[in-house]
Amino acid sequence: MSARAFSWLAALLVAAAAFIYGAVDDGPPRTNADRVRELSEDFACPVCAGQSIAESDVPVAREIRRQIAVWVDEGRSDSFVRDQLVAAYDADIDYNPSGSGITSLVWILPVLAGAAITAVLVVTLRSGRVPSSRPISSGAAPEALSDAAPGMSSEASLERLGPDEPRHSQATQPGRRRLRNAAAWIVVVLVTAGAAGLLVARFSGSRGADSSISGEVRATVRELVFEAQRLLNEGDISAAIAAYDEALEQQPSHVEALTYRGWLTSRQGDSAAAAEFLDDAIAGDPGYPDARLFRAIVALEQGDGSAAAAQLEAFDSLDPPPFAEDLLARSQVRERIAQARGAAALEALEALPDDPPPFAATSLGVADMLAAAEVLAARGDLLAALQLLDWVLQSIPGDAEVLAGWGWLLVRSSDPELVELGTGYLDAAVDADPRNPAALLYRSFTRWQKGDSEGARADLEAFDGLESRPPELVALAERQGLRAALRG
């Protein structure tokens, strides 16, 4: 094979490779979610063997994915993300080779290859411009061509050379070279245009006959969230989920979309996936009350009363919207958390020896014991509940919280003697701590039931005047209509 043929073959191979690359290359990420996914694939999980951040589901990998999503939504560059993760987890987390040392060859060799290919193309395109070295026949008359009449055809001009003169003279070589050069440029232009057209088609989006080349206009994240809320109000959960998913493609760290995507996922029965969405939302905005409430409900569904209680406590510290308060009441989250907490405390008590140590020597808390006593009373075992609280009082006698709990159990028994005994315990609790919210509210209820409206109103006013009132007690007063009754 001649050198010229080899050059043309190399040029054709390069053109074909470029076209194939343009056809199969996915191009840059089109959404933030795509970019988060691609970046996650570039880093190794710090605590996993052979898994990337994108592949692993351990908590640290999920946290890194969440942080990458936040950076991407903030418009941070890939190099910024890389620098932050390498600084936090060491260079071993980065799958991409560095630009120094032996690994720099990974970046250098493709550049050298590209330069070599460019050189081949240049040599190929310039090879047709080399002047032909074949001399004009000695018998030819150069003047004959130059003397041809204006407008005379090339064929007529050649006739003047005579039958003995060679027709393949130097005059014909430039035309052939120009033809070959033109053919080469046509190939290059066609390949470039084809690749460019393919890339434009890939990145212009879908469009109809009457659409512009910009393709279909994607709705903004805000519009998608509004649309999802509308669909949710109409009861179309599947369409609402699709709208939230599209919003998260554009902005993976959007707190509201994460929250309600998690809530709808939990309604479909997938508590584990719902918890991931909600955890990401809480990490993005710890002060978003909806996410806290939904996470508490999901924790209850997973049987984790402690986690549910922690989320509800965070929810109570915020300024939740009315609909969240309504959902909280309808879902009986507080009651379910109290039951779960009491059940867990009873399990811990069963693990103690038959001759248990003093309450103060255990890791149990007063709130746990009060919840356990409520569970026992609900089961109809009031005596066991009172014995449990008596065991607690032996370690912390005079504790207002325990005395109030003991009195509240007794006054709800409907037995006149026990009600009187319970009232005495409530009086003792208020004496021990005049600002104890439980003692004040429980005694207000007791006085109201006994017909002492003035005393009940005084205790309720003292309760309302406290700087901090437990939300469950406020809800109890509203649920039982205490404030409305005393106001009338």
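Reader: What share of the contacts with a separation of 6 or more joins residues 24 or more positions apart in the protein chain?

Author: The share is 55%. A contact here means heavy atoms within 4.5 Å. This is a predicted model: local features need pLDDT of at least 70, side-chain atom pairs count only at pLDDT 80 or more, and totals for chains, interfaces and linings use all residues. Residues are numbered from 1 along each chain as its sequence is written, and side-chain values use heavy atoms, with hydrogens and water left out.

Reader: Why is Ala228 called buried?

Author: Buried means under 20% relative accessible area (1.4 Å probe, protein chains only; exposed is over 50%, partly exposed in between). Ala228 has 0%, so it is buried. Of the 488 residues in the protein chain, 35% are buried.

Reader: What does Ala228 touch, beyond residues up to four places away in sequence?

Author: Ala240, Ala243 and Tyr244. Ala228 itself lies in helix 9, residues 221-233. Helices are DSSP runs of H or I, at least four residues, numbered from the N terminus.

Reader: What makes a set of residues a nonpolar core?

Author: Its members are buried Ala, Val, Leu, Ile, Met, Phe, Trp, Tyr and Cys residues, joined through side-chain atoms within 4.5 Å. The largest such core has 44 residues. Helix 19 (residues 400-411) gives the largest share of this core, eight residues. Apart from it lies another core of 38 residues, including Leu231 and Val333.

Reader: Which residues does Tyr442 contact, leaving aside neighbours within four places in sequence?

Author: Ala404, Trp408, Leu426, Leu473 and Leu476. Tyr442 is also among the residues with the most contacts inside the largest core.

Terms used:
Helices (H or I, at least four residues) and strands (E, at least two) are DSSP runs, numbered from the N terminus.
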